[in-house]
Amino acid sequence: SAAGMVLSVLVILLLSVLYEAVKMGKAVLLRRALLALPRSLSQEALTEPQEGDDGPAQGSPSLMVFPTSFPRWFWFHVGQTLFHVVQVVLGYMVMLAVMSYNAWIFLGAIAGSTLGYFL
């Protein structure tokens, strides 16, 4: 029916806009993660506690175990990973819709990507 087709095109348009929004959110999170990285990327700088933290001594074997508190850059990386999973799922959903070879669905995906990038 015509109403079903219009609804399908709107859903694909919104999925495409959401895909672009997630892509942009991932880029913003990457920028924040890069700003949160320590200046030195040596293993000691990544595992050293921040100033004022009571951590193990430098030669302590407990540095080799899984840390109990993670630095900020780690949580940004976890967020980026989740954003990436959502982006891949949305991308495959839009691709499957486009593979229906319906011109209106294809135009909805193109319009949604354009609108999402513009916003």
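Helix α1 passes helix α3 in a left-handed crossing. Left-handed here means that the near helix is turned anticlockwise from the far one by less than a right angle. This is a predicted model, in which local features need pLDDT of at least 70, side-chain atom pairs count only at pLDDT 80 or more, and totals for chains, interfaces and linings use all residues. Residues are numbered from 1 along each chain as its sequence is written, and side-chain values use heavy atoms, leaving out hydrogens and water.

**Overall fold**
- The protein has four helices and zero strands. Helices are DSSP runs of H or I with at least four residues, strands are E runs of at least two, and both are numbered from the N terminus.
- Along the sequence the pattern reads α-α-α-α.
- Of the 119 residues in the protein, 20% are buried. Buried means under 20% relative accessible area, exposed means over 50%, and partly exposed lies in between (1.4 Å probe, protein chains only).
- Among contacts with a separation of 6 or more, 81% join residues 24 or more positions apart. A contact means heavy atoms within 4.5 Å.

**Helix α1 against helix α3**
- Helix α1 covers residues 2–36 and helix α3 covers residues 72–98. Their axes come within 9 Å and cross at roughly 160°.
- That angle makes α1 roughly antiparallel to α3, because angles over 145 degrees count as roughly antiparallel.
- Axes are lines fitted to C-alpha atoms, for helices over the stretch in contact, and angles run from 0 to 180 degrees between N-to-C directions.
- The contact of α1 with α3 has 17 nonpolar, seven polar and four charged residues. Nonpolar covers Ala, Val, Leu, Ile, Met, Phe, Trp, Tyr, Cys and Pro; charged covers Asp, Glu, Lys and Arg; the others, Gly among them, are polar.

**Residues to look at**
- Q80 sits in helix α3. Q80 counts as buried, at 15% relative accessibility.
- Beyond its neighbours within four places in sequence, Q80 is in contact with K26, L29, L30 and A33.
- R31 belongs to helix α1. R31 is exposed, with a relative accessible area of 58%.
- R31 and F76 are 45 residues apart along the chain, and their C-alpha atoms are separated by 9.5 Å.

**Salt bridge**
- The whole structure holds one salt bridge. The term requires a side-chain nitrogen of Lys or Arg within 4 Å of a carboxyl oxygen of Asp or Glu.
- The side chains of K23 and E20 meet in a salt bridge at 3.2 Å, N to O.
- Both K23 and E20 lie in helix α1, three residues apart, about one turn of the helix.
- K23 is partly exposed at 36% relative accessible area, whereas E20 counts as buried at 10%.

Terms used: Angles under 35 degrees count as roughly parallel, over 145 as roughly antiparallel, 65 to 115 as roughly perpendicular and the rest as oblique.
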